[in-house]
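I opened this notebook to keep track of what I looked up in one structure, entry by entry. Each entry follows one topic, beginning with the chain and ending with single residues.

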Amino acid sequence: MGAIVDNKVLELPRKFLEALWMPFVGREEEAKVITLALLTKEHVVLIGEPGTAKSALARRAADLLHAKFFMYLLTKYTEPAELFGALDIGALKQGIYKRITKDRLPESELAFLDEIFNANSAILNALLSLLNERVIYDGYNVIDVPLKTLISASNRVPDEPELEALYDRLLLRHYARPVGEEMWRNLIDSAWDLEFSNKWKVSSPIMSVSDLEAIYSYLTEVDLSQVKNKLLKLYAMLEEKGIHLSDRRKGKVLKIVAAHALLNARLKATEEDLIVLKYIAPREIDDFEKVSALLSEELKTPIKYMRELNEIYSNIKEAGKYVDAANESDPRLVDIIRSLKATKDRVSALGKESGDEKVEEFSKEVNNEIDKLLDKVARKLGIFS
């Protein structure tokens with residue numbers, strides 16, 4: 001018997017996502033990948049140059065959850081005590097080996113580690129067990145950690161073999177680029193508001209850590225039956241392009257797909273939800289563009305439908321110019337009528353098939369243009385209904 005789904009709880013992820021990205025210009029994707037990580041208890045790495053709001057997003061996510069938060073910049077000289085707490089000298093004198101973990105990583109529910117690939121071997125070993133098992137093996141002790149998600153950042157993709165296991169455990173990856181020139185004006189206004197106003201101050205959390213637990217339990221309620229075959233096909237296509245996913249990553253994709261469905265308040269996954277592969281499949285920087293291009297071509301996403309509708313719209317405008325210049329005896333006018341009627345059926349099908357409100361609205365707009373052109377051709381031919 002399935003769990004009873006609380007619709008109010010189901011609305012929280014979308015509200016959280018919107019509250020997370022709104023203060024930051026052009027950072028919707030970064031906010032989305034962080035949200036997906038939180039919903040699935042997975043970990044994320046944001047790759048990109050400094051100054052792309054990575055740490056600010058992590059800090060705001062913690063505020064919006066009212067979660068215990070820890071952040072630190074790693075260097076190759078960082079000592080384990082800086083992350084996990086100093087040894088308790090008083091306890092050591094009594095023969096007890098333990099750390100003072102107050103306000104350190106072992107007590108955090110959400111953490112941000114900057115330049116994570118600078119981790120030395122001592123920290124690296126501890127991080128691997130932390131990410132995988134939520135425990136830290138410390139001397140004779142096993143420290144249970146309440147960490148839900150680690151958000152990490154780096155300005156590079158690691159190429160050292162010893163970092164491969166850590167990189168693979170960061171299931172979600174995103175390449176954070178600087179915003180484009182068209183956003184610069186909004187960027188400077190947003191930066192001013194963040195610095196000097198209370199506009200984006202978090203007065204109360206959007207959801208709690210316990211809400212995250214409830215949402216996590218709903219992942220198993222998502223119907224994934226319609227996407228599994230397509231996912232397997234995408235794995236094969238990625239492999240053909242030289243983009244290899246480890247068995248660990250392949251096995252966890254459906255969990256992120258389910259979270260994406262929940263993020264859109266659905267308990268049934270569609271092809272649109274497979275877009276999350278763009279956060280999981282890339283390894284090298286160039287892969288991010290390759291994977292996105294493949295998915296945009298292969299998936300029935302709103303973007304794909306809108307692209308086809310825009311092409312049809314442009315063709316209608318071009319046909320309209322031809323009709324304006326044609327004379328009444330032009331034999332192609334009859335062919336245009338036949339073609340427009342077939343195109344109208346295709347446009348209607350695209351709108352219905354998409355299941356997306358904006359696509360459906362645009363399909364009606366395109367069909368309206370077709371009707372206008374059909375009327376124009378009919379008038380030129382002297383055909384009146």
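**Entry 1: the chain.** I first wrote down that a contact means heavy atoms within 4.5 Å. With that in hand, I noted that residues 24 or more positions apart account for 75% of the contacts in the chain with a separation of 6 or more. I reminded myself that this is a predicted model, in which local features need pLDDT of at least 70 and side-chain atom pairs count only at pLDDT 80 or more, while totals for chains, interfaces and linings use all residues. Residues are numbered from 1 along each chain as its sequence is written, and side-chain values use heavy atoms, with hydrogens and water left out.

I then looked up the secondary structure, where helices (H or I, at least four residues) and strands (E, at least two) are DSSP runs numbered from the N terminus. The chain comes to 17 helices and nine strands, and its C-alpha trace spans about 105 × 50 × 45 Å along the principal axes. For burial I used these cut-offs: buried is under 20% relative accessible area, exposed is over 50%, and partly exposed lies in between, with a 1.4 Å probe and protein chains only. Of the 385 residues, 46% count as buried.

**Entry 2: the open sheet.** Two strands pair if DSSP finds at least two bridges between them. In what order do the five strands of the open sheet stand? I read the order as β2-β5-β8-β1-β9, with parallel pairing. Strands β2 (69–73) and β9 (172–175) stand at the edges with a single partner strand each, so one side of each is left without a neighbour in the sheet. The twist averages 15° from one strand to the next, where axes are lines fitted to C-alpha atoms (for helices over the stretch in contact) and angles run from 0 to 180 degrees between N-to-C directions.

I followed β1 (residues 44–47) through its pairings. Strand β1 pairs with β8 (residues 149–154) in the parallel sense over four bridges, and Val44 stands opposite Ile151 in β8. Four bridges also join β1 to β9, again running parallel, with Leu46 opposite His174 in β9. As a general point, side chains in a regular strand alternate between the two faces of the sheet. In β1 both faces are covered, for Val44 and Leu46 on one side and Val45 and Ile47 on the other are all buried.

**Entry 3: helices on the sheet.** Helix α3 (residues 28–40) lies across β1, β5 (110–114), β8 and β9, and runs at about 175° to β9. Helix α14 (residues 285–298) packs on the sheet as well, touching β1 and β9, and its direction makes about 95° with that of β9. Which residues of α14 are buried? I listed Asp287, Phe288, Val291, Leu294, Leu295 and Ser296, and these pack against β1, β9, α11 (228–240), α13 (277–280) and α15 (302–325).

**Entry 4: a hairpin.** Strands β6 (residues 135–138) and β7 (residues 141–144) pair in the antiparallel sense over four bridges, and Ile136 stands opposite Ile143 in β7. The hairpin has two residues between the strands, and Gly139 there takes a positive phi near 65°.

Glu28, which has its place in helix α3, is partly exposed, with a relative accessible area of 35%. Leaving aside neighbours within four places in sequence, Glu28 is in contact with Leu17 and Trp21. The C-alpha atoms of Glu28 and Ala119, 91 residues apart along the chain, are separated by 29 Å.
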